[in-house]
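Hi everyone, thanks for making time for this one. I'd like to walk you through a fold, from the whole chain down to a single residue. Let me put it up on the screen.

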Amino acid sequence: MSASAAWSYTSTATHWARQSRDDRTGVSAFAAPVTFACDYSSEARTMVDQLGREFTSRLTLHTERSSIARGDFVAIGASSAADPNTVEGAQEVLVVGRFADTFDGKADDYRVVT
């Protein structure tokens, strides 16, 4: 973790990576939950995803965790629940943006929007 991230990413969140989704039932399977350091804000704001669709964001996370992808789930705080659908506040990731680590040059930063 870069020095800047260690200073600014003082909150904890949980990430569930989507492993598969059954097209017939719509049921998803998720990897085991992983906690990570982050900072976050919660505000309603209209955004556009990579496909040009408008949506209202509910949560924005800032982190160095590079493995978060669209369709995964995240939640503020630590959780050991296997299924994010059972966790209050868990939300699907809609957009992930990448930013350079300008100060330390160790690891890029990511904006994760639900």
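Before the first number, a word on terms: when I say contact, I mean heavy atoms within 4.5 Å. With that in hand, 53% of the contacts in the protein with a separation of 6 or more come from residues 24 or more positions apart. Please keep in mind that what you see is a predicted model.

So what is the protein built from? There is 1 helix, together with 11 strands.

On to overall dimensions. The C-alpha trace spans about 45 × 35 × 20 Å along its principal axes. The radius of gyration is 14 Å, which agrees with a compact globule, because one of 114 residues would come out near 13 Å. As for the interior, 35% of the 114 residues count as buried. The accessible surface comes to about 6,700 Å², and carbon and sulfur atoms hold 48% of that surface. For those of you who like charges, there are 11 positive and 15 negative side chains, with the centres of the two sets 5 Å apart.

Now let's look at some strand pairing. Which strands does β8 pair with? One is β1: residues 11–16 of β1 and residues 73–76 of β8 run antiparallel, joined over 4 bridges. Within that pairing, Ala13 has Ile76 of β8 as its bridge partner. Another is β9, residues 91–92, again in the antiparallel sense, this time over 2 bridges. There, Val74 stands opposite Gln91 of β9.

You'll find Val95 in strand β10, which covers residues 95–99. Is Val95 buried or exposed? Its relative accessibility is 10%, and the cut-off for buried is under 20%, so Val95 counts as buried. And what does Val95 touch, once we leave out residues up to four places away in sequence? The list has Val48, Asp49 and Gln50, then Phe55, and then Arg111, Val112 and Val113. Leu51 gives a sense of distance here: Leu51 is 44 residues from Val95 along the chain, and their C-alpha atoms are separated by 10.0 Å.

Notes: Residues are numbered from 1 along each chain as its sequence is written. This is a predicted model: local features need pLDDT of at least 70, side-chain atom pairs count only at pLDDT 80 or more; totals for chains, interfaces and linings use all residues. Side-chain values use heavy atoms; hydrogens and water are left out. Buried means under 20% relative accessible area, exposed over 50%, partly exposed in between (1.4 Å probe, protein chains only). Two strands pair if DSSP finds at least two bridges between them. The radius of gyration is taken over C-alpha atoms; the globule rule is 2.2 Å times the number of residues to the power 0.38. Accessible areas come from the Shrake-Rupley method with a 1.4 Å probe; for residues, only the protein chains shown count as cover. Lys and Arg count as positive and Asp and Glu as negative; His and the chain ends are not counted. The place of a charge is taken as NZ of Lys, CZ of Arg, CG of Asp or CD of Glu.
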